[in-house]
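Let me put the structure up and then walk you through a few spots I'd like us to look at together.

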Amino acid sequence: MRVIGINGSPRREWNTAQMVEHALRGAADAGAETKLYHLRDFSFKGCVSCFACLLLGAPTHGRCSYNDALKPVLDDILAADALILGSPVYFGDVTAGMRALLERLWFGGLAYDPAHFTRYERRIPVKVILTTNAPAEGFHTSLNKGIVATMSRFFGPTEIIEANDTLQFDDYARYDAAMFDVEAKKRGRAERFPKDLERAYETGKRAAAEATEQAS
Ligand SMILES: Cc1cc2nc3c(=O)[nH]c(=O)nc-3n(C[C@H](O)[C@H](O)[C@H](O)COP(=O)(O)O)c2cc1C
């Protein structure tokens, strides 16, 4: 059983990366083979509207075949048994990199067919991790609802977990960021973030368990 994790933050060691890593650790402890991709390592575009995925009778029909660095990542996702996506919230949405991946992942499997929403046949569990400066869940309701609705239709049961009020800088004194209560941010990092990582770990474990159940 293979579980793929995607870190959609441009930072490879910060909040989102750690959350995705913990989720993959949970999946590994539940018996999965895991692979983590950092989107910052790949140079790629969003959907270019080539429509090769809709071309009847073509080998490209039913998946995104645009041949840039993201192609192998998309292929790996489509062969996976569970998917863990992580993104910081940027202006109420996922990052541009994660959005580009979603465009290609979703449109590649879209069927303009009244009988089928998607050409993807496999149902896999999807866990989406969002990290935010916002102090609590509920600030991005339409983003969360949209991701859950679309992911569920293309892939399978989709669950979102959030790590909120994250630490954004190592040293707040060096940045133009007077609105933040630095001591509260540091306390959150020391006391709340470890619990967020634990939730991510449990979520990854659950993803692997659900994938096993799906396969049986
Ligand atoms: C370009 C940009 C836009 C952001 N927009 C939001 C936002 O709309 N809401 C929010 O809560 N946090 C926002 N943030 C803060 C990040 O989502 C937050 O710090 C996140 O945990 C960073 O993830 P990382 O540490 O994995 O990079 C933004 C940060 C950046 C750099």
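So, Phe107: buried or exposed? With a relative accessibility of 19%, Phe107 counts as buried, because the cut-off for that is under 20%. Keep in mind that this is a predicted model, so everything I quote is computed from predicted coordinates.

Phe107 has an aromatic partner, and that's Phe51. Phe51 is partly exposed, at 41% relative accessible area. How do we describe two rings like that? A pair of aromatic rings is characterised by how far apart the centres are and by the angle between the planes. For Phe51 and Phe107 the ring centres are 6.0 Å apart and the planes sit at 50°, so we call the pair tilted. What I like here is that the pair ties together distant parts of the chain: Phe51 comes from the loop between strand E2 (33–38) and helix H2 (71–79), Phe107 comes from helix H3, and 56 residues separate them.

While we're in that loop, look at the backbone. Phe51 has a positive phi of about 65°, and it isn't a glycine. Ser49 does something of the kind, with a positive phi of about 60°, again without being a glycine. Ser49 is in the loop between E2 and H2, and it's partly exposed, with 43% relative accessible area.

One more from this loop: Asp68, which lies between E2 and H2 as well. Is Asp68 buried or exposed? Asp68 is buried, at 15% relative accessible area. And what does Asp68 touch, once we ignore residues up to four places away in sequence? The contacts are Ser43, Phe44, Lys45 and Arg104.

If you go through H2 for its buried residues, you get Lys71, Val73, Leu74, Asp76, Ile77 and Leu78. Which elements do they pack against? The partners are strand E1 (2–7), E2, strand E3 (82–88) and H3. For anyone following the pattern along the helix: an α-helix has 3.6 residues a turn, so residues three or four places apart point the same way.

Now the other helix pair. H3 covers residues 96–108 and H4 covers residues 141–154, and their axes come within 10 Å, crossing at roughly 40°. H3 and H4 are therefore oblique to each other, and this crossing is left-handed. Leu102, Leu105 and Trp106 make the contact from H3, with Thr150, Met151 and Phe154 from H4. By class that's five nonpolar residues, one polar and no charged.

Trp106 and Phe154 belong to one aromatic cluster, together with Phe117, Tyr120 and Phe155. Across the model, the count comes to 10 aromatic pairs.

Phe180 is in the loop between strand E7 (158–163) and helix H5 (182–215). Leaving out neighbours within four places in sequence, Phe180 is in contact with Asn133, Gln168, Tyr172 and Lys185. Phe180 and Ala200 are 20 residues apart in sequence, with 25 Å between their C-alpha atoms. Then take Arg25, over in helix H1 (residues 15–29).

Technical notes. Residues numbered from 1 in each chain as written. Predicted model: local features only at pLDDT ≥ 70, side-chain atom pairs only at ≥ 80, totals over all residues. Heavy atoms only, no water. Axes fitted to C-alpha atoms, helices over the stretch in contact; angles between N-to-C directions. Helix = DSSP H or I, 4+ residues; strand = E, 2+ residues; numbered from the N terminus. Parallel < 35°, antiparallel > 145°, perpendicular 65-115°, else oblique. Left-handed = near helix turned anticlockwise from the far one by under 90°. Contact = heavy atoms within 4.5 Å. Nonpolar A, V, L, I, M, F, W, Y, C, P; charged D, E, K, R; others polar. Phe/Tyr/Trp six-rings, centres within 6.5 Å; stacked < 30°, edge-to-face > 60°. Buried < 20%, exposed > 50% of the residue type's maximum accessible area, 1.4 Å probe, protein only.
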